[in-house]
Amino acid sequence: MTLSTEISTGPGSDAPTGNGVRADADTSTPSATRHDLGGEWRLTWLAGPDGTPAGVGDAALPAQVPGEVHTALLAAGHLTDPDVGLGEPAQDWVGRSQWSYHRSFAFTPVPGARTDLVADGLDTVAEVYVNGRHVGAARDQHLAHRWPVDDVLEPGDNTVEVRFASAWDAALAHERAHGPLPSPYDEPYAHIRKTAANFGWDWGPHYVTAGIWRGIRLETYAGRIDHIRPLVRLDADHGAAELTAYVRVEAPAGSRVLVELTGPDGRLAAHATGEAAGEEAALTLTVANPELWWPVGLGAQPLYRLTARLDAPDGTVLDETGVRVGMRSVAVDETPDALGTRWALVVNGRTVRVRGYNWIPDDTLPSRETPRRVVARIDQAVAGNANLLRVWGGGHFADEHFLDACDERGVLVWHDFLFACAAYCEDEETAALVTAEAEQAVARMSPHPSLVVWCGGNETVLGRHHWGWADQIGERGWGAYYYLDVLPGVLARLDPTRPYVPNSPWSGTLDADPAADTHGLSHLWDAWNEADYAHYRDHDPSFVAEMGWCGPAAWTTLERVLGGETPGPASPLTRHHLRAIDGMHKLTRGLQPHVPTPAEGADWHFATQLVQARAVAAGVEWLRSRERCAGAVVWQLNDCWPAISWSAVDVAGIEKPLWYALRHSFAPRLATVQPVSPGPAHDPTGTAGLALTLVNDAVGDWTPEVSVFRVSLDGRELARTRLEASCPANGLVTLPLDPAVAAPADPHAELLVVEADGVRTTWAYRPGRVLTSPPPVRTVTTSYADGALALTVTAESLLRDVCVFPDRLAAALDLPPYALTSDTSLVTLLPGETHTFRLTTRDGSALREAGIPEPVLRLAVRSAEELTT
């Protein structure tokens with residue numbers, strides 16, 4: 001990196017001095033101050049349904065801000081944990097009630113300055129009062145608001161009150177006024193600009209929230225900076241970067257804006273100054289030889305610091321702020337191919353093969369989504385070899401903690417605008433709200449290099465094509481105006497540097513069938529909804545933005561909420577925590593080809609988790625073996641409550657077997673066995689034999705040592721060969737396997753094993769329930785070293801997919817279930833082989849040495865053969 005030539009966009013070209021006020025400044029003009037109004041407020045119930053519990057309205061309750069009514073009621077003891085048992089319907093009255101938040105604060109007027117009340121997020125329908133006088137209103141959870149309050153503030157003590165109406169009632173009123181529109185649930189979520197998942201989803205509960213869910217403050221200023229919107233463009237050869245800093249201001253005439261770019265090494269990279277004409281100053285900086293920001297695994301993530309300072313005509317510093325930026329380019333490759341059209345992300349000129357997860361709200365109550373918790377989830381994605389998170393459109397916009405963590409780790413972010421699975425009214429009020437929230441979100445998120453794709457929404461175009469909407473919609477608008485006009489218009493004005501796709505799935509035009517694999521983005525749900533996971537191999541798409549399979553949360557996570565019931569199909573509370581449509585039927589159908597269906601308890605729990613892991617891994621590895629497919633984004637990384645869902649990590653933060661399976665399947669360098677012509681579930685090999693595909697998403701060529709051998713299920717080696725192959729960086733190579741090695745004599749009694757650079761993968765010629773595996777025999781020993789617990793498993797017979805469940809062991813070590821984690825899981829051992837699983841605490845503290853009772857070990861260490869023999 002070298003220092004750029006100084007650029008001036010107005011008279012003079014002084015660089016910021018960094019000391020706040022120039023030496024000759026007249027300090028009579030006040031600088032901006034911000035007074036946080038967060039902390040403890042008082043919460044009062046105003047009105048609600050007949051089922052409201054007695055005593056709720058008797059007195060004001062303490063309520064933390066940011067927060068929700070639910071969290072205040074939980075803290076005050078007026079609400080039991082709604083995740084537990086049937087607590088969900090018992091809290092229904094909360095979302096149907098009206099509430100008041102209020103507090104007092106001291107205020108001292110500042111001569112020459114004005115004061116605004118700023119709310120970064122009110123959920124959702126609110127009226128705002130200062131000293132009893134109405135100052136503003138809110139109708140959109142996703143909007144920040146600013147209201148002038150000079151005329152109503154008094155020196156000394158003041159009061160602020162935010163009164164919330166029922167979002168439920170408001171949505172129903174809009175639905176009655178404009179007519180119902182189709183959605184997958186009997187809820188009016190599409191009629192209000194609020195987190196859609198609050199109204200229940202096929203993985204989450206029905207908690208209709210209210211409250212001051214993001215920050216609230218007073219801002220006093222003579223001039224202020226609203227935001228910096230940096231747009232970066234790289235030269236084709238990456239030899240220089242042009243950064244245009246759009247600085248939105250509110251300032252006296254003659255004020256000046258100064259911007260300064262500091263490199264990752266802390267040295268000045270560029271600066272510029274210009275007059276604040278109108279509401280925005282645009283200052284362009286040039287950086288020679290920029291340090292490029294790369295996705296994880298492809299390079300480093302250097303971040304520059306861009307600061308802006310607003311100076312009054314008298315030289316006083318009115319306001320200053322800063323953001324971090326990364327130097328990178330991003331585009332989408334939509335080159336036509338033999339089947340249709342490709343869809344691939346290109347960062348800094350390199351195609352990035354995506355290995356990703358969908359991200360949902362990490363809690364039903366957003367104030368519990370602490371930065372520490374969110375960062376822990378992102379770290380689990382990275383540790384699991386993912387390189388992209390898709391923020392789904394039924395939640396809320398990502399906050400700075402999420403985006404900063406992705407910037408620092410090189411995690412790409414695809415962000416939906418907030419539309420999901422429904423038709424949306426195109427009335428004037430809704431269109432204005434959608435426009436405003438898009439403008440705010442695009443401007444706020446523009447500094448983040450991790451943000452690489454904006455998407456208009458989730459499955460709304462799919463719904464129009466395939467969910468029978470035509471009769472109900474008639475000639476009314478259903479949302480296309482937003483996806484094709486409003487949102488691309490906002491991006492064209494505010495951020496034309498990032499790709500935009502109108503919807504997911506998407507086949508290029510509104511009239512093209514979005515369910516087709518031939519063009520653009522696909523969602524693969526037929527395997528889960530209708531068939532076996534072998535049918536993932538029916539597809540050869542360009543890019544998969546959703547695919548998934550259900551499985552239960554960790555045993556201890558479910559145990560906490562089931563009220564003593566044994567997890568399984570006969571448990572009413574298990575069914576209550578499973579929201580997938582026909583979910584129990586689909587879970588059972590998914591087991592049937594692979595394992596005898598366990599009735600209840602630990603075997604049912606293990607079987608459903610194991611099949612979930614195998615199903616999604618099989619689909620992902622098939623897609624990664626296809627030259628055409630540039631990405632597989634799994635539904636979903638995280639959970640918002642204790643559930644049987646598609647997540648890889650449950651709400652307690654415990655990794656399911658699926659997470660371990662995908663850590664293998666998402667490996668940047670992967671060796672995967674695939675059928676040349678895929679067969680059905682009972683004969684997945686098909687009739688044309690097997691091939692080995694090497695996938696190399698890394699930066700260097702890969703020449704692995706590959707051994708391929710076939711064994712009988714009793715452990716005898718039947719055939720073996722070694723392969724020599726080299727796979728180029730960002731490429732894949734497919735090698736047909738010699739039938740003399742890969743074709744079984746008895747498909748019910750043999751297994752193919754491949755080891756590439758010591759990493760093992762296997763291929764079963766038949767599903768597990770019809771394999772003739774001998775009964776499992778093993779020994780498990782425990783020892784402690786360096787503060788860790790070592791579980792050593794010795795196989796005396798074939799043990800496929802040996803899983804360790806640390807949460808089952810935690811109690812024996814006086815730890816909470818989440819505290820313990822294992823380095824590996826889903827390990828296949830041939831007779832005579834040994835593997836040691838290393839268990840450690842997540843916080844790095846040393847484990848207390850304790851004996852593990854045999855019954856606990858038996859449930860904490862499982863293998864597939866326990867289910868099938």
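Predicted model: local features only at pLDDT ≥ 70, side-chain atom pairs only at ≥ 80, totals over all residues.
Buried means under 20% relative accessible area.

**View 1. Cys803 is a buried cysteine.** Its relative accessibility is 0%, so Cys803 counts as buried. The closest cysteine sulfur belongs to Cys550. It lies 18 Å from the sulfur of Cys803, too far for a bond.

View 2. The structure holds 0 disulfides.

**View 3. Helix α7 crosses helix α10.** α7 spans residues 428-445 and α10 spans residues 480-494. Their axes come within 10 Å and cross at roughly 35°. The crossing is right-handed. From α7, Thr430, Ala431, Val434, Thr435, Ala438, Glu439 and Val442 take part. They meet Tyr481, Tyr482, Val486, Leu487, Val490, Leu491, Arg493 and Leu494 in α10. This contact has 11 nonpolar, 2 polar and 2 charged residues.

**View 4. Helices α14 and α15 are roughly perpendicular.** α14 covers residues 583-591, and α15 covers residues 601-624. Their axes come within 10 Å. The crossing angle is roughly 80°, and the two helices are therefore roughly perpendicular to each other. Met584, Leu587, Gly590 and Leu591 make the contact from α14. Trp604, Ala607, Thr608 and Val611 make it from α15. By class, the residues of this contact are 6 nonpolar, 2 polar and no charged.

Notes. Residues numbered from 1 in each chain as written. Heavy atoms only, no water. Axes fitted to C-alpha atoms, helices over the stretch in contact; angles between N-to-C directions. Helix = DSSP H or I, 4+ residues; strand = E, 2+ residues; numbered from the N terminus. Left-handed = near helix turned anticlockwise from the far one by under 90°. Contact = heavy atoms within 4.5 Å. Nonpolar A, V, L, I, M, F, W, Y, C, P; charged D, E, K, R; others polar. Disulfide = S-S within 2.5 Å. Buried < 20%, exposed > 50% of the residue type's maximum accessible area, 1.4 Å probe, protein only. Parallel < 35°, antiparallel > 145°, perpendicular 65-115°, else oblique.
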